[in-house]
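Hi,

Here is the structure I promised to pass on.

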Amino acid sequence: MKQFKIIPLLYILVISNSSLILSASETTKTAFRQRISINNGWHFFKYGSGAKVDNLIYDIRPEVTDNNDSKAADSKPTEAIKLESANNVLKLWILPTGNSFIKDPRKRYSRPAGNPGGDFPFVQSNFDDNAWETVNLPHDWAIKGPFQTVSNPEVGGGMGRLPVNGVAWYRKKIDIPADDAGKSIFLDIDGAMSYVIVWCNGKLVGGWPYGYNSWRVDLTPYTLPGKTNQLAIRVDNPNYSARWYPGAGLYRNVWLVKTNPVHVNQYGTYITTKNVTPTSATINLETSVENKLKKSANIEAVTKIYSIDSNGYKSADVVANFAPKQVTIAAGESSKFESSVTINNPKLWGPPPTQKPNLYVAVTTLLSNKKVIDTYETRFGIRNIEYNPDKGLLVNGEHISIKGVNQHHDLGALGSAFNTRAAERQLEILREMGCNAIRFSHNPPAPELLELTDKMGFLVIDEIFDSWERKKTPHDFHLIFPDWAEQDARAFVRRDRNCPSIIMWSFGNEVGEQYTGEDGAKIAARLGGYIKEEDPTRPTTGAMNYAKPDMPLPAVLDVIGLNYQGEGIRQDPVFEGTDRIRTAPQYDSYHQKFPNKMIFSTETASAASSRGVYLFPVSPKTSAPIRDCEGGDSKLCQVSSYELHAVDFGSSADKVFSALDHHPFVAGEFVWNGFDYIGEPTPYYEARSSYTGIIDLAGFKKDRFYLYQAHWRPELPMVHILPHWNWPDRIRQITPVHIFTSGDEAELFLNGKSLGRKTKGQYGYRLRWDSVRYEPGELKVIAYKNGNKWAEEIVRTTDTPSQLAIETDRNEIQADGKGLAFITVKIKDQHGLTVPVANNQIEFSIDGPGEIIATDNGDPTNMTPFPSRTRDAFNGLCLVIVRSKSGVKGKITITAKSTGLTEAHLTITCK
């Protein structure tokens with residue numbers, strides 16, 4: 001099989017005197033290159049709902065005639081509406097921004113004459129924006145709410161009932177010193193939602209419509225060195241543009257990058273590895289250098305490789321030196337050159353717990369006349385990947401079963417505004433469950449998130465495009481796909497191709513072109529071609545929920561990715577006669593059709609539950625759809641946590657486990673999904689957030705977490721009981737008890753009396769006592785493995801609530817304005833037991849150099865705005881998120897109060 005190696009993210013970072021390798025979220029400065037965060041102190045204005053807005057639009061959009069956003073997630077995409085071209089739009093001025101990602105120079109765009117918007121007040125330096133709101137980036141304008149709770153909201157449940165739609169402006173003054181004259185100055189935006197247009201000093205610079213890519217505009221012709229310069233950025237986020245909550249605004253980091261005219265290009269290094277063994281590895285480096293001078297430039301490029309330790313520090317000793325390269329670059333041109341070197345006894349990158357995610361950094365220095373003019377760092381990892389059609393995924397020769405989850409990009413109560421610690425917390429919880437892989441669905445993530453997956457050793461499917469030319473919602477990105485597919489595809493790969501965590505590129509999720517035969521396959525081949533030209537070392541895949549083995553599209557993919565088809569879609573008899581997708585299990589059919597391609601599931605399960613909610617009667621089935629009195633309650637808008645129910649096209653975890661175990665050639669699964677996310681609240685679109693997460697929106701574990709942990713971490717002694725044991729209205733009524741354990745058998749006791757010892761079957765993943773009659777007291781389970789005691793758990797009936805208890809995920813946070821503490825409040829009885837049905841209202845207050853930025857409880861129906869300091873607990877738990885204040889050290893004290901309960905206090909330190 002072909003070897004695949006990978007490397008890290010392109011970091012436009014600069015070497016410093018310190019041996020610490022700076023992260024993608026840090027400012028760097030040297031005499032040669034500066035990468036400066038300009039996140040703080042923006043002035044923000046958003047037009048009100050229904051208000052007349054400016055006419056500086058990217059392009060016209062179709063009128064929305066059907067505003068129902070509650071259709072099933074696997075509804076068939078439809079043909080785009082044809083629109084007449086318009087002359088009063090800014091598209092022709094924006095398209096040239098993507099020229100560096102269009103391979104054929106003949107297809108690149110020329111900028112028209114003129115300066116649209118130049119006379120609009122918001123772009124002028126002398127416009128008074130003091131009345132505007134002051135915000136720091138990353139910023140999601142919609143997350144503060146309020147939720148739209150009316151029956152026919154402007155923004156429906158699909159997009160989270162939050163005010164994501166509309167047009168807004170961001171303005172900031174930046175000082176460009178006089179000694180920056182002659183330098184190249186760029187604005188780098190890691191992500192903005194969406195249709196972004198940039199002006200500098202009243203001049204239209206460029207923009208980017210797709211909301212998930214990182215991109216750059218060249219400010220050099222528009223800046224005034226030695227003066228204060230005015231940036232004005234227009235963001236236009238249309239309604240009906242997504243199937244989930246997209247967030248809104250400048251929601252990732254924004255940078256000012258300064259270089260000499262001769263410099264390493266944006267995403268200008270590409271590292272691949274080959275001939276990897278425990279004793280040696282060949283490292284290939286491709287470097288792209290731009291010359292913005294009006295004369296040719298003679299440069300020397302010198303690159304050294306260092307190892308990086310687990311704390312992010314560069315080794316003092318050089319691991320390997322590339323041979324210096326002498327290059328002449330013509331005026332106004334870019335030049336690529338290659339070199340290679342061998343590393344002896346390489347430290348390989350691989351997923352824990354059996355391997356270590358070792359990293360290296362290549363430091364490239366450009367010299368002209370023996371003087372340093374640029375320095376550029378590239379992180380990478382060395383590993384060998386095999387995509388075996390019969391064995392699955394092999395990493396460095398070891399079979400690794402993919403135990404993955406899908407993740408949308410919002411961070412719960414923080415919205416889409418990226419925060420590294422919030423993302424790290426999610427990954428830590430997923431790792432505890434046994435997860436080793438993430439599919440970023442359905443868009444490129446923040447660069448810092450890939451930095452985390454590189455460092456922590458997660459395997460990654462990096463994905464782009466939820467739609468191509470056919471639409472899922474009236475205003476989704478199918479509107480720009482014909483003009484921007486190549487630029488977006490190449491930019492996404494070029495940014496991320498050095499990341500060792502990425503094992504595949506996915507360029508489409510459940511796209512409508514599955515239905516269009518050869519026409520759809522041609523689009524897939526074109527996209528795959530763009531990606532392979534940018535990175536031939538990794539295979540491509542796509543997520544197919546409809547295409548069958550004999551259809552044209554699957555043949556285009558290097559690796560077969562199936563959404564729900566492996567275990568079968570809508571196979572329950574209740575779906576007989578439906579006009580929706582109904583598919584028999586497909587693993588065998590695909591394996592027979594494509595015996596030389598690896599197969600895996602890009603999405604499985606889509607099981608649903610509300611944490612701590614248990615509904616009766618309990619289904620005797622292993623997997624069942626959600627209906628009233630069958631796992632669901634449409635009046636409460638809640639789903640039972642017995643973890644037996646899924647959305648109509650999905651399956652329970654148990655059913656998926658069985659399908660995979662019956663087909664060992666399948667490489668593994670990506671569960672839909674890891675954390676609940678805002679929007680797409682199937683099956684109850686009256687709610688605000690999803691039900692399908694293994695972990696709820698606040699980060700609290702559902703019972704399903706322990707089902708996956710039991711299966712994915714068989715070496716971990718654990719056992720879990722459900723449900724809770726507070727059922728005063730169910731005395732002597734049948735109240736089933738289910739056990740999740742990594743053991744192979746268990747014995748259940750109720751008030752000291754054994755209810756029997758049961759053993760898992762070959763394809764059994766839980767133990768069920770379905771005839772237990774409720775009586776208050778104590779449930780106890782003892783799990784066994786290979787005949788020996790393995791784990792034990794006790795659940796007791798609690799008294800009424802009497803006190804609050806408070807705990808934090810960390811006792812110290814950085815005083816940088818980005819440090820977060822996630823603080824859990826539990827409602828307990830007099831004996832210190834968490835009361836699992838308590839929903840008391842809790843009020844939070846704070847003292848010291850910090851601020852409460854959000855609260856949550858994980859209830860998908862809760863419409864209290866996230867910034868509120870007062871929130872009901874949900875089934876015993878509540879979350880408060882505290883952020884440090886930049887540059888202010890000291891103690892932060894958080895107090896939680898609730899009427900009739902003993903209050904709780906917690907102190908954390910800002911350092």
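This is a predicted model: local features need pLDDT of at least 70, side-chain atom pairs count only at pLDDT 80 or more; totals for chains, interfaces and linings use all residues.

Residues are numbered from 1 along each chain as its sequence is written, and side-chain values use heavy atoms, leaving out hydrogens and water.

Let's start with a three-stranded open sheet, ordered β13-β14-β18 with antiparallel pairing (strands are DSSP runs of E, at least two residues, numbered from the N terminus; two of them pair if DSSP finds at least two bridges between them). Its edges are β13 (262–274) and β18 (334–344), each pairing on one side only. From one strand to the next, the twist averages 20° (the angle, on a scale from 0 to 180 degrees, between N-to-C directions of lines fitted to C-alpha atoms). β14 (residues 280–291) and β18 share 11 bridges, and T282 sits opposite T342 in β18.

The other open sheet has five strands, in the order β45-β52-β51-β47-β49, and its pairing is mixed. Here β45 (812–813) and β49 (870–872) are the edge strands. β45 runs parallel to β52 (residues 904–910), with two bridges between them; E812 has T909 in β52 as its bridge partner.

Last, check out L83, in the loop between β4 (42–46) and α1 (91–94) (helices are DSSP runs of H or I, at least four residues). L83 is partly exposed, at 37% relative accessible area (the class between buried, under 20%, and exposed, over 50%, with a 1.4 Å probe and protein chains only).

Cheers
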